[in-house]
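Biologist: Please show me the model, and then I will ask how some of the descriptions are reached.

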Amino acid sequence: MSIPESDFLPDEGGAERPSKSALKREAHELQKLGQELIELPDTRLAAIPMEEGLLIALKALKKTKSHEGRRRQLQYVGKLMRSANVEPLREAVAAFKLGHALDAVKLHRAERWREELGTDGDAVTRWMQAHPDSDVQRLRSLIRAAQKDAAAAPEQRHGRAWRELFQFIKAELRDDE
């Protein structure tokens, strides 16, 4: 993290130093990064290049349950991060968040296809144009079962056919990547 030039103050020797507010902002940002790091799975956390002391402190923070203990451990993690290279840590957190966002987008896309296939008769043609390797017979069978399930009385619906159709679509979209 870089401190803006406006946050530098001259000291007694004439050299410039960061203001107290700038140092506090940096410390809070490092603590926030530490909080985001402990949300990563242990396997991802271990794969990030960092000093062993920082990794141990992050693992201890994950295990700490009391509010005050977590606060103190988070401050300690922030202190250790001041001397560490934080760019790989930030990149790891960003990659993890991006992965979750991409997964959500893929699920939304599968849900849209399921709705289209269940309600629009021409959607099967569009699906086959977009995914020519799909098993069209299985797809049509799943669509018919889902439509039949949707036509049943609400207390007789099980939703199994809709789930199976969704799983088929999700698998096909994953294969196309």
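Modeller: This is a predicted model. Of the contacts in the protein with a separation of 6 or more, 52% are between residues 24 or more positions apart. The protein has eight helices and two strands, and along the sequence they follow the pattern β-β-α-α-α-α-α-α-α-α.

Biologist: What makes α5 oblique to α6?

Modeller: Helix α5 (residues 87-119) and helix α6 (residues 123-130) pack at an angle of about 135°, and their axes are 8 Å apart. Angles over 145 degrees count as roughly antiparallel and 65 to 115 as roughly perpendicular, with the rest, once those under 35 are also set aside, being oblique. Therefore α5 is oblique to α6.

Biologist: Which residues make the contact of α5 with α6?

Modeller: Trp113, Glu116 and Leu117 of α5 meet Ala123, Val124, Arg126 and Trp127 of α6. By class, five residues in this contact are nonpolar, two are charged and none is polar.

Biologist: Why are the buried residues of α6 said to be on the same side?

Modeller: The buried residues of α6 are Ala123, Val124 and Trp127. They cover an arc of only 100° around the axis, so they lie on the same side of α6. In an α-helix, residues three or four places apart point the same way, because there are 3.6 residues a turn.

Definitions and conventions. Residues numbered from 1 in each chain as written. Predicted model: local features only at pLDDT ≥ 70, side-chain atom pairs only at ≥ 80, totals over all residues. Heavy atoms only, no water. Axes fitted to C-alpha atoms, helices over the stretch in contact; angles between N-to-C directions. Helix = DSSP H or I, 4+ residues; strand = E, 2+ residues; numbered from the N terminus. Contact = heavy atoms within 4.5 Å. Nonpolar A, V, L, I, M, F, W, Y, C, P; charged D, E, K, R; others polar. Buried < 20%, exposed > 50% of the residue type's maximum accessible area, 1.4 Å probe, protein only. Arc of directions from axis to C-beta.
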